[in-house]
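Q: I'm new to this structure. Could you take me on a close look at its aromatic pairs, and at what lies around them?

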Amino acid sequence: MSAAGENHTPDNQQRRWQHIRKVLERSGPFCHPDFEPSPVVLDFLMKCCKVLIVGAGGLGCELLKNLALMGFTKIHVVDMDTIELSNLNRQFLFRKSDIGSSKAKCAVEFVNKRVPGCEAVAHHCTIQDLDEGFYNQFHIIVCGLDSIIARRWLNGMLNSMLQYNDDGSLDQSSVIPFVDGGTEGFKGNARVILPGMLACIECTLDLYPPQKTYPLCTIANTPRLPEHCIEYVKVIQWAKENPWGPATTIDGDDPQHVAWVLEKAQERALKHGITSVTYRLTQGVLKNIIPAVASTNAAVAAACATEVFKIASSCCANMTNYMVLNMADGVYTYTFNAERRTDCLACSNSKRVMEVEPSATLQAIYDNLCGGQDYLMKSPGIATIINGRNKTLYMPSIKSIEEKTRDNLKKKITELGLYDGADILVADVTTPSTITIKLKFTENMDVEMPR
């Protein structure tokens, strides 16, 4: 990176961007058909193009550094997390003195100081705290998240902002390109999503690995792994002993909580002849941390930053497929085309249809929403419209409403006023807006529609 005190005379500035200018000021065989070589392109990148980086962790730090050194100055960074000691081995924009501070703010301050002309802006909040107007100001959004839920929410937001012409065709001026990167150990991936045009996150949910869970009977009766001992303390022992009171939930960022779980897990591991219960593993299980490797982050962030550059400048056609990096056994990449779903919850205009037996209970619908590969929701609230009025059938996210609607889970859907062709309205943390799903009975049955 350039030193803060570097002399930035016009000659130095010209030399600073000479390699970028070689790409932007002359044509080539891989250029996009709409590309016109010109010094104006660099001016657009530096003075006009607004890019949002979602996440300021391992990928986010690399992305911010790369884009700032590529000439982007109008960069915004959003991240809700604060810096921990364990971050410092790979999130290189942070120092030990930054521990406890906002990741977004520290990353932005560091880069603005080291890269002359960069005007990055930090937002220390969740992505859900920001509205449609905020996201609509950006030319490109690049994502370096470790949460599938957050990815799905952001994907839903960008798709909900699409506009369509009178003939039903997509208004491409409403499309905000979405570059997504992810890493797990020595593996990573990068992709470009053009909402409404290319396969989105929701279209390809089956690409994401299921969250690791441990059977309750195993962790309670026959633990075999150090993770089983930690999970036992987390799920069972914490609730029994209530070390910080019955209303306190485990906080994986609280050193006292982690130390207590570690001590109890080590005691249980000793009884069953299990070793290797460490502080780091304990915190990893409590927070469901995915192992991160600096070199993987750097490679994936480089691919994502290159795609942002190509989209912003049109100097080369952007990637339209899904790139996977594997450094676990050698180093290689491969790509494949991800296909759009015609009934995608997020990016299609068609209404999703759920097939269900007329004798099914509301619990069956709830289980389908949570466990079915088509939905993979976390805690969906279900409602419907009867006689023009909204009726809540089940709402797990609000305790008082959950208690009042819990009995509905045992009732048949026909008892709740649902019929063949009825719509249910589903809200979940994975999507910014309510989703409408049409029920289709799998058996012929005369069910009287509500008047």
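A: Here is a walk through the ring pairs and their surroundings.

This is a predicted model, where local features need pLDDT of at least 70, side-chain atom pairs count only at pLDDT 80 or more, and totals for chains, interfaces and linings use all residues. Residues are numbered from 1 along each chain as its sequence is written, and side-chain values use heavy atoms, with hydrogens and water left out.

A word on confidence: pLDDT is the predictor's confidence in each residue, from 0 to 100. The chain averages 88, and 93% of the residues score at least 70. Confidence is lowest in helix α1 (residues 10-16), at a mean of 71, and highest in strand β1 (residues 50-54), at 98. Helices (H or I, at least four residues) and strands (E, at least two) are DSSP runs, numbered from the N terminus.

Now the rings. Rings of Phe, Tyr and Trp (its six-membered ring) pair if their centres lie within 6.5 Å; planes under 30 degrees apart count as stacked, over 60 as edge-to-face and the rest as tilted. That rule gives eight aromatic pairs here. One of them joins Phe134 and Phe138, edge-to-face, at 5.2 Å centre to centre with 70 degrees between the planes. Both Phe134 and Phe138 are buried; buried means under 20% relative accessible area, exposed over 50%, partly exposed in between (1.4 Å probe, protein chains only).

Another pair is Tyr366 with Tyr394, also edge-to-face, at 5.4 Å between centres and 85 degrees between planes. This one links distant parts of the chain: Tyr366 sits in helix α13 (residues 362-371) and Tyr394 in strand β11 (residues 389-394), 28 residues apart. Tyr366 and Tyr394 are both buried.

Back to Phe134 and Phe138: ring pairs tie them into a cluster with Tyr135 and Trp153. Phe138 has a charge over its face too, as Lys50 lies there at 5.6 Å from the ring centre. To count, NZ of Lys or CZ of Arg must be within 6 Å of the ring centre and within 35 degrees of the ring normal. Elsewhere, Arg268 lies over the face of Tyr232, at 3.7 Å from the ring centre.

Tyr394 has a polar partner as well. The side chain of Glu402 makes a polar contact with the side chain of Tyr394 at 2.9 Å, and another with the side chain of Arg406 at 2.7 Å. A polar contact is a pair of N or O atoms within 3.5 Å; within protein, one must be able to donate a hydrogen and the other to accept it, and residues adjacent in sequence count only if both atoms are side-chain atoms. Glu402 itself is in helix α14 (residues 399-405). Is Glu402 buried or exposed? Its relative accessible area is 14%, so Glu402 is buried. Leaving out residues up to four places away in sequence, Glu402 touches Tyr394, Met395 and Pro396, where contact means heavy atoms within 4.5 Å.

Finally, the nonpolar surroundings. A nonpolar core is a set of buried Ala, Val, Leu, Ile, Met, Phe, Trp, Tyr and Cys residues joined through side-chain atoms within 4.5 Å. The largest has 57 residues, and those with the most contacts inside it are Leu64, Leu67, Phe72, Ile75 and Val142. Helix α12 (residues 294-313) gives the largest share of this core, nine residues. A second, separate core of 29 residues includes Phe134, the ring paired with Phe138, along with Val78, Ile127 and Phe178.
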